[in-house]
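Here is a short briefing on one protein chain. Overall build comes before local detail.

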Amino acid sequence: MTSPRPAGPLLAVKHTAPPVRPGSVERSGLVRSLRDAVTRLTLVAAPAGWGKTSLLGLWAADPGPDVVVAWVSLDEGDDDPVRFWRYALTALHEAGAIGPAALDAVVAPGTEPIDLALPILLNELAASSSRHVLVLDDYHVLTDARIHESLEYLVGYLPPALRIVVAGRADPPLPLARLRARGELTELRADDLRFTLAEAAELVGSVSGRAPDDGDAAAAWRRTEGWAAGLHLVGLALRGGGGAGDRHVLDYLASEVLPSLDRASRDLLVATAPLERLSGALCDAALGTTGSALVLDGLDRADLFVTPMDAAREWYRCHPLLRDALLRESRDERAAHDVLARAAAWYAGQDRLDDAVHHHLLAGDPATAARLLRDRADWFLDRGMATTFLLLGERLPEDVVTPQLAFALAYAARPGSGDGRVAHWLDLAERGTGPDEAVFGWHDARAAVLTMRAVSLPESQADVAVELAERAVALEDAANAGPSPAARAALGSAYARSGRFTTAAPMLLDSWRQRDTAGWTVGLSVQIGGLLGLVLLALDRGDDVDRLLRQTVPLADTVERDWGAAASPVVAALRVVQGRWSYLRGDVREARDLLDRATVNADADGRHLTVVAALVFLADAELGVGHDAAARAALARAREFVEDNAPVTPVAAEWLERAEQRIGRVSIRAATRPGGLVEPLTDRELSILRVMPGSGSQREIAAALHLSINTVKAYTKSLYRKLGVGARADAVSAARHLGLI
């Protein structure tokens, strides 16, 4: 079910600031503005070709005393929260801004970056005295609302140790007006980036190799209106013997300058126009030739059409305007297809399967793209690239999507997350499945689909999940290939969620004992072991709990050691069981410490049984050490969780009811009396606070505010901390006392 997501092959050039070209125009005024900026967010927004990246590269080479820049060059493939934050956190880590903890946490199974990684990042930055800037270049290519929400969250709580620079062709969907009104936004736009006449003359002279006369410089400046890309192309035209007043510069370049190049340079530029990035090795493979690195180096040294993307000058990009012109003029679709297909094969050989699939799709070969996605689904899922996997899958026509691929796409859509795409892909898988077809190790593909449907249901629909899982087990058993541990584990989990612990226990025990022969990962063993432990506790089978913990706790220790913060949701249930067992054995203080930490794990896990059990057991332990108020606060948190996630698993609600009867529900509110305001509330916190007096759940609040449920939960935690409360009713009471609502 889960395994650690290894740090996959991130493209190093993407978190490297581009080198400054010799002879670049200094633009000292704009560089000074960037150095002097002290706001949380700096926005550099202008259409293509206005020199945004070049300006930021100039500044990044000398950002000011004791300032270190972390850089991320974004592209469409980064439109995935996990992938985006992996690049951002890797850049910050390599710049020395943070340790590895947040980077480990960003790939925690079943969590969003805002759940674990960003709080860890903020805590590390708050404790830092260094000064760093995170540059997010080409941010306009990102469309996933979860990325924008998480970046807004980070900006809202950003400590002085970090500033953020966002560069793109359009305003990002961030609260710019609010930041502007608070003086927390620095802006550079096209009018600011426009070259002056003197700068234009310097740029044209640098590119053309000779100082233009005043007439040419003025003509170029007027025609381009200070547009950097236009001035650069004018310089190339002048270098080729044309003039600033010639016909359209791009037409001139295509008809005069390109033909004047040596054949190797011209052929490379024309043939590689379909490729978004260029390197010597990639071009050699795509063109079936050798020596491309020397050709690219020559073009770079001559300042002709290519721009280096890294200091080592391994990767380049063609001038976007020229590339667009070449693509528009291209008539040889077969040649373009072959270049893209060979590029796809090269990327696959470099273990960059996302780029390989992307290039197969660009080449018009969805069948090969589908086969690669089907055969290497684990490559994407193990690297936290589920969204990338889904986006690529959605670009495929349905007739090339096999049941096995559809099943993998359903898994990537996170069953149980509420993502409607799960049902879509399962429907597609089911249409093509039969009794003789196997999917990912299942004996019967129909059983795999039924099991996925079962685990996709809300926890409150446990009885329906049981029915589906029972049908799946029957199909697997009918295949005469022996019991299926995966199907039985799913059925045992469904029984447990429905409160049928007596039936669940043997099913979970049987599947758990087969973990080694079934090829379970250590993470899956810990997860199933944790759920089994909760079931055994509920049945008062202490000896079995003790044996289970002796076998499973070392596995959980290994997972936490190897995975870091990413282990949190995986070990959650087991740590709850471990803490409760310490309490039942009479070691109340150890139990209190274990369960206090386990509630953090349980929050990351989010399953009803795990969260409620952690808080109810913590309440007992707090009471056992004489912390009555803390016990009631734990129950208040549990009650709020149950109300916000209604309808919850019935057995979780029953556990809470019994605990409230033991400890006293009437006095829960006294556990979290509202105090003063620790620090000012952000606008997002205020917007959430203002709807709290109503009856809407957190999910309904999220929908009303057009935010994800995880984002609302993150803001709510911070809101409670600032108000000094632990539950929603107390937050409302405190807010009214302070005049906030």
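Buried residues account for 56% of the 741 residues in the protein chain. The model is predicted. Its secondary structure comprises 38 helices and 8 strands. The radius of gyration is 29 Å, close to the 27 Å from the globule rule for 741 residues, so the chain is as compact as a globular protein of that length.

**Overall dimensions and contacts**

- Along the principal axes, the C-alpha atoms fill a box of roughly 90 × 65 × 40 Å.
- Take the contacts with a separation of 6 or more: 69% of them join residues 24 or more positions apart.

**Surface and charge**

- The protein chain exposes about 30100 Å². Carbon and sulfur atoms supply 51% of that area.
- There are 80 positive and 98 negative side chains. The centres of these two sets lie 3 Å apart.

- F84 belongs to helix α3, which covers residues 81–94.
- The relative accessibility of F84 is 1%. Buried means under 20%, so F84 counts as buried.
- Leaving out residues up to four places away in sequence, F84 touches L74, D78, L136, Y139, L142 and I147.
- One of these contacts is L142. F84 and L142 are 58 residues apart along the chain, and their C-alpha atoms are separated by 9.2 Å.

**The β2–β3 pair**

- Strand β2 spans residues 67–73 and is mostly covered. Of its 7 residues, 6 are buried.
- Strand β3 (residues 131–137) runs parallel to β2, and 7 bridges join the two.
- Within this pairing, V68 stands opposite H132 in β3.

**The β6-β8-β7 sheet**

- Strands of a sheet pair through backbone hydrogen bonds, either parallel or antiparallel.
- Here, 3 strands form an open sheet in the order β6-β8-β7, with antiparallel pairing.
- β6 (278–279) and β7 (306–308) stand at the edges. Each has a single partner strand, so one side of each is left without a neighbour in the sheet.
- β7 pairs with strand β8 (residues 315–318) in the antiparallel sense, over 3 bridges.
- P308 stands opposite Y316 in β8.

Key: Residues are numbered from 1 along each chain as its sequence is written. This is a predicted model: local features need pLDDT of at least 70, side-chain atom pairs count only at pLDDT 80 or more; totals for chains, interfaces and linings use all residues. Side-chain values use heavy atoms; hydrogens and water are left out. Helices (H or I, at least four residues) and strands (E, at least two) are DSSP runs, numbered from the N terminus. The radius of gyration is taken over C-alpha atoms; the globule rule is 2.2 Å times the number of residues to the power 0.38. Buried means under 20% relative accessible area, exposed over 50%, partly exposed in between (1.4 Å probe, protein chains only). Contact means heavy atoms within 4.5 Å. Accessible areas come from the Shrake-Rupley method with a 1.4 Å probe; for residues, only the protein chains shown count as cover. Lys and Arg count as positive and Asp and Glu as negative; His and the chain ends are not counted. The place of a charge is taken as NZ of Lys, CZ of Arg, CG of Asp or CD of Glu. Two strands pair if DSSP finds at least two bridges between them.
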